[in-house]
Amino acid sequence: MDIKELYKMWKEDGTAEEFAPEWVKIRSDMTNAFPAYHAVEGVDPFAKDVGEAINQLSKLKPKANGPAYLGDDPKGPYYGDVTSAKLPEKRSTLEEVNQKAVDLFTGMPNWNHPLTMPNVIPPANKAGIIAAMMTDLYSPNIIEGEYSWNVEKSEMESAAILARLIGWDPQKAGGVYTFGGSGCYFYGIKYGLTQALGRESRCKGIREDAKLLVSQQGHYCKLNSSDWTGLGMDNIIEIETNSQTNAMDIEKLEAVMEELHQQKIPIAAVVCTMGTTDAFAIDSPKAVRELIDKYPNPNGEKALLYCDAVIGWSWLTFRDYDFDGNPLGFSPETLKNSRSNLEKIKEIEYADAVGCDFHKTGWAPYNCSIFVMRDLNHFRALMTRPGSAYLQDRVCYNPGLFTLEVSRSGSYSMAGWATLQYFGAEGFQSMLGGILDMEEYLRHLIEKEESTVCVNSDDHGFVTLFRVYPKNVDAKNQYEQELKDPKAIKELEKNNALQEKIGNTLWEWFRDGKTHDGQYGPYISYTSGFRKTDYNSDGSNPKAVIYALKSFPMNININATTMQNLLKLVLHARDEIMAGHYEEPEQTGCCQPPYNENPTPVVCGSTESGNVRHAVENLLSGIPK
Ligand SMILES: *Cc1c(COP(=O)(O)O)cnc(C)c1O
């Protein structure tokens, strides 16, 4: 074909001429592979396509009271043949691709199912899902206003809403959505490093050891952040926690800060965890703020106070709740516990920056997290880069000049923002209070049953941790002994093994497609070390730790009957194990090269054996304990 003739290749209606080259025909046909750019009468064809795809996907749903996984084969996943994948020669139809995509969901846990409660994994709400999907249609890029127009407002308004909840001035605060709680942490550490080591550190690199102070129970993404910022994991100093509250021990923190101050070693950030995953331990930003003011860094700047509130933030939605009038009618326990959660979380106002996960306690789709800073322009002054030749500042606000990411999907910000609109304070309050009431009920059942004991009855986060003992054992007494008496270590080990076996048995029952004692298996999890025994507070005996089964009732379909059934099946699993019916679970997946190798992780001095105290001792010899 002569290129000068190209214009002859299409008919007036845009379809290809008979004599047009093959590529023109395929291309013309592929117009249908995209949503139409123009309006059509009636239902938009793409809306129909999406509806059909969702219908195909929904065929994986179980019937009501069916098993807690999607589809009819929970035995997978099957990774054995992945390396045979090749780019197909020909196109596929939308239906074919959809079906292949749907197949990938087969066997997956159904997070919305009442029997599913293994972790802080909330099913996503409709407004959040739909708002995120909308961004897939029109690709707003919140790198800058020109490419996202008013969609950028979803980020700015989320920041203002959160700033108000935190107790900050929304005319000073700002926020950027990012890829997760670990992304927020990463922002926090980079912010702290730049404040502690100066803007030059962004040119010359991190050439000086600045420390990251965080409680022993802080989230392990401290490793990602210190590693990927180039700071190095050895610069983490873990602060011991109070054995009662699991919160950072402020005296221990002060000792470390004082020593660093004397040695003129800068602190990049002190991280307060506002709700740990298991114990829901909440540190005290107010106390930390005082110490930060007392011990400034060598350059005269203060260490950054970052609050890792990715789990705890949503209790702030109770800020204006009328606890005396109790208009939502929570039980007295739930009322008391939500108030106490709010009071602790409220100290977050002392932070410089805060991370919030909407995909954890905001019921939004993955990923959806926002890093909120008290003083947006302070952050920008430290973090802004020169612009680029191919982007113009056509709009006054262009976050891409200081964000980690270059292209930034609007799906996070739209999902978070839409969820805030959709739920409002009353929606969040009912969801959160509902979890507490559900937990309270489970704890009541555990209390009633002689052979079970709740081991985190002082915590009022999102999880109930409990231990199950052989029939007719007085669980409370037995647990007390195991917790306090070093002579009970053999029994502790045996009963820890029992928790693990129950966890494994339920995992098998969740996936075997059969009913047990009249019902399908629940999907819960267990922890191999929720806390240390009282006589092992230094962690020197790795076996003297408490295993426990975990229930995270995050989803809205869980009710009191679910909790009754859960406990019934847990006891049934115990009885089966005691009767000698137990098999070690096999790892699934069937990985082949290159996926079947397990490289040795880098273990740094300070994180060796998971116990950083030795490193702290090396660093800070002479600090009284
Ligand atoms: C989950 C979690 C993180 C990590 O967040 P992601 O969203 O998974 O990246 C960090 N801190 C705490 C306390 C968490 O619970």
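1. Let's start with the overall layout. The protein chain splits into three domains: domain 1 covers residues 3–121, domain 2 runs over 128–429, and domain 3 takes in 437–578. Keep in mind as you look around that this is a predicted model.

2. Next, the pairing of domain 2 with domain 3. If you take the C-alpha centres of domain 2 and domain 3, they sit 33 Å apart. Where the two domains touch, 15 residues from domain 2 and 15 residues from domain 3 take part in the contact.

3. How much area do domain 2 and domain 3 bury between them? The figure is about 1,300 Å², with 49% of it on carbon and sulfur atoms. On the domain 2 side, the residues that lose the most area to domain 3 are Asp278, Asn337 and Trp363, and together they make up 36% of what that side buries.

4. Now for the charged pairing. Across the interface of domain 2 and domain 3 there is 1 salt bridge. Asp278 forms a salt bridge with Lys550, and the closest N and O atoms of the pair are 3.0 Å apart. As for polar contacts, 6 residue pairs are counted between domain 2 and domain 3.

5. Which elements give two or more residues to the side of domain 2 that touches domain 3? They are helix 12 (332–345) and helix 13 (358–361). Helix 12 gives the most to that side, with 4 residues. Sorted by class, the side of domain 2 that touches domain 3 has 5 nonpolar, 7 polar and 3 charged residues.

6. You'll find Trp363 in the loop between helix 13 and strand 7 (369–373). Trp363 has a positive phi of about 55 degrees, although it is not a glycine. Why does Trp363 count as buried? Its relative accessibility is 2%, and buried means under 20%, so Trp363 falls in that class.

7. Asn326 is another one to check. This residue belongs to the loop between strand 5 (304–308) and helix 12. Asn326 isn't a glycine, yet its phi is positive, about 45 degrees. Asn326 is buried because its relative accessible area is 14%. For background, most residues other than glycine have a negative phi, and most peptide bonds are trans.

8. Gly76 and Pro77 are joined by a cis peptide bond, with omega about 0 degrees. Pro77 lies in the loop between helix 2 (45–58) and helix 3 (94–104). Another cis bond goes from Pro593 to Pro594, where omega is near 0 degrees. To find Pro594, go to the loop between helix 18 (560–578) and helix 19 (613–619).

9. Last stop: Asn504, in helix 17 (residues 489–511). Is Asn504 buried or exposed? It counts as buried because its relative accessibility is 10%. What is Asn504 in contact with, leaving aside its neighbours within four places in sequence? Those partners are Tyr526, Tyr582, Glu584 and Pro585.

How values were computed. Residues numbered from 1 in each chain as written. Predicted model: local features only at pLDDT ≥ 70, side-chain atom pairs only at ≥ 80, totals over all residues. Heavy atoms only, no water. Domains from an automatic or database assignment. Contact = heavy atoms within 4.5 Å. Buried area = accessible area lost by both parts, 1.4 Å probe. Salt bridge = Lys/Arg side-chain N within 4 Å of Asp/Glu carboxyl O. Polar contact = N/O pair within 3.5 Å; in protein donor to acceptor, adjacent residues only side chain to side chain. Nonpolar A, V, L, I, M, F, W, Y, C, P; charged D, E, K, R; others polar. Buried < 20%, exposed > 50% of the residue type's maximum accessible area, 1.4 Å probe, protein only.
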